[in-house]
Amino acid sequence: MYYYDIYGWLTAEVIPDRSTDVPPPQETESLKANWTGSGWVLVEYAAPPEMPASANPTEWLIDIGPFFDRFGAAKMDVLVSDDAGVQAIIKDVQVRKWLDLKLPEVAQSLAYVSSKVPSVTPALQDEILSTPVGAHENLSLRKLYFS
Amino acid sequence: MSYASQFALSVLPLGALVQGIGLSEPQYVRCDGLPRARASFPRLSTLFPFGRLTGTVRSLAVIPVALPVVASADHFIAAGATTSSAIQYSADGVTWATAATAFQTVSALVATPSRFVALSSTAQQPLASATLVPTSTWALTSAGPSSVAAGNSLCRLAYGAGKVVAVSAGAVHTLDDGSTTWVSRTASGANRMGACWTGLRFVMVLGSNSSLQLSTDGVTWTDGSLREATSTNQGNIASNGSGAVVVSGSPSGLQLSTDHGLTWDFVSIPGVQPSDTWRVQYAGDRFWLPTAQGMCMSLDGRNWFLDTTHVQPFVTAAAVAKKGDVVVQTASTSAAVAYSYSESSTHFATPRIAQQTPALSGNPTPYGITYIKAT
């Protein structure tokens with residue numbers, strides 16, 4: 001078997017699942033064998049390309065507890081609210097494993113809470129939704145569902 | 001889905017999905033997405049038409065300004081930079097070079113039987129190559145659409161019935177074979193996202209809309225309808241050219257027609273959370289669907305298979321082209337990087353079913369360990 005690295009270059013390293021039984025052509029000082037997927041080609045060796053930054057799927061996902069904590073001093077005002085809509089939103093949040101702060105439904109729910117709980121000001125809403133999620137705020141969901 | 005406590009396991013058919021404990025190979029294979037040898041699971045492998053994919057990182061000649069990539073019989077063509085070398089090409093997906101063109105910022109590409117055509121996201125007329133040789137003369141056409149932003153569309157250009165159809169947000173144009181002069185056409189609807197040729201007609205998908213536009217000649221368009229509206233600025237459409245048409249861009253994921261765009265069904269992919277940001281494509285011999293869980297493929301648009309190759313990032317914003325056995329995927333407009341795939345003839349990827357989250361919900365439902373009946 002002949003092996004190729006993640007850039008397609010022939011390598012002596014044994015890499016599982018990156019092998020072929022097609023023998024490579026004779027390499028020269030300047031031309032190296034690269035696996036196209038269906039055969040080998042001799043091309044001038046090029047250093048690995050600079051890779052684009054990877055998207056983080058959990059970037060705006062937050063655990064439920066830390067989400068409640070983002071309300072700060074207004075948290076208790078929300079929890080003791082006797083408005084049926086606010087209580088329904090609290091229950092709806094509590095049955096979830098996490099919240100996606102970029103979902104429009106979350107912003108809409110927050111806006112409703114704000115209409116019934118004055119201490120949840122527009123500035124606080126914006127802070128809750130727009131502050132980047134810290135590693136300690138989604139540790140649980142990352143370990144349970146994204147590892 | 002069947003449950004081990006309710007059914008006699010021996011009567012479950014090949015391919016049945018089962019949740020349970022204590023199940024083992026060779027009768028049951030865990031749905032972990034890992035490759036299995038066809039020789040080890042000959043009956044199960046008959047259910048999986050695609051070989052396991054192996055991805056390889058490729059260096060493009062330049063950072064592309066847009067994602068589109070297409071293939072002719074001999075070359076891959078992708079967007080280049082905003083220059084008078086606005087196209088880059090490769091014969092094997094490994095080595096890329098730029099081609100001299102009129103100045104343009106490519107936003108869409110199509111390969112016809114005789115030439116390539118490109119749209120521009122800036123105020124330039126579309127480009128057309130003289131032949132299917134990438135280094136042939138690329139000249140500006142006339143009376144066509146300009147300033148056509150790609151947006152979330154990978155299907156702004158379609159070819160069929162002897163003409164190219166260009167779909168921009170507010171206009172439709174056609175370009176006959178051999179011509180360099182476009183003709184503006186009239187079609188209903190706004191926020192047009194793109195079109196495909198089904199083998200019988202063009203089908204055009206709109207953003208924020210359940211309406212479609214249908215045409216057998218690209219000239220006269222009539223109304224059609226999806227089951228579910230596409231989301232804002234979403235909507236991609238692809239066909240195998242034999243009547244199967246798939247639309248992505250709605251919250252439920254995919255919609256399928258098997259009668260050239262007249263009637264539609266919903267389609268789900270086991271273990272893959274639906275998203276309205278999906279961009280379905282057809283390249284080579286199959287449908288492709290890049291997702292956040294991996295690359296999905298289908299022969300008929302109804303039965304989809306997930307492959308979780310790990311070299312390239314799992315993103316929905318990616319374009320795919322296939323030439324022979326070589327597949328090229330572009331996924332970035334910030335680096336001169338593309339990815340090629342090779343397909344194994346000896347191994348297939350098992351389904352990967354770990355959890356399912358309904359669309360628009362932050363509430364995942366973890367499955368128990370899922371197995372597939374292999375004998």
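On a 1 Å grid over the protein atoms alone, a cavity is a set of points where a 1.4 Å probe fits but cannot get out, while a pocket is an open set with protein on both sides within 12 Å along at least five of seven lines. A lining residue has an atom within 4 Å of a point. Grid points are joined across faces, edges and corners, and a volume is the space filled by probe spheres set on the points.

The model is predicted, and totals for linings use all residues. Residues are numbered from 1 along each chain as its sequence is written.

The structure holds two cavities of 30 Å³ or more. The second largest cavity has a volume of about 50 Å³. Its lining includes B:F48, B:F50, B:M297 and B:A349. Strand β29 of chain B (residues 304-307) gives the largest share of this lining, three residues; strands are DSSP runs of E with at least two residues.

The largest cavity contains about 70 Å³ of space. Among the residues lining the largest cavity are B:P290, B:M295, B:F314 and B:Y341. At least two lining residues come from each of β27 (286-291) and β28 (294-298) of chain B.

The second largest pocket has a volume of about 800 Å³. Of the 36 residues that line this pocket, B:V70, B:V110, B:L157, B:Y282 and B:A283 lie nearest its centre. Elements of chain B that give two or more residues to the lining include β6 (69-71), β14 (157-160) and β30 (319-323).

Terms used: Chains are lettered from A and ligands numbered from 1 in the order in which they are written. This is a predicted model: local features need pLDDT of at least 70, side-chain atom pairs count only at pLDDT 80 or more; totals for chains, interfaces and linings use all residues. Side-chain values use heavy atoms; hydrogens and water are left out. Helices (H or I, at least four residues) and strands (E, at least two) are DSSP runs, numbered from the N terminus.
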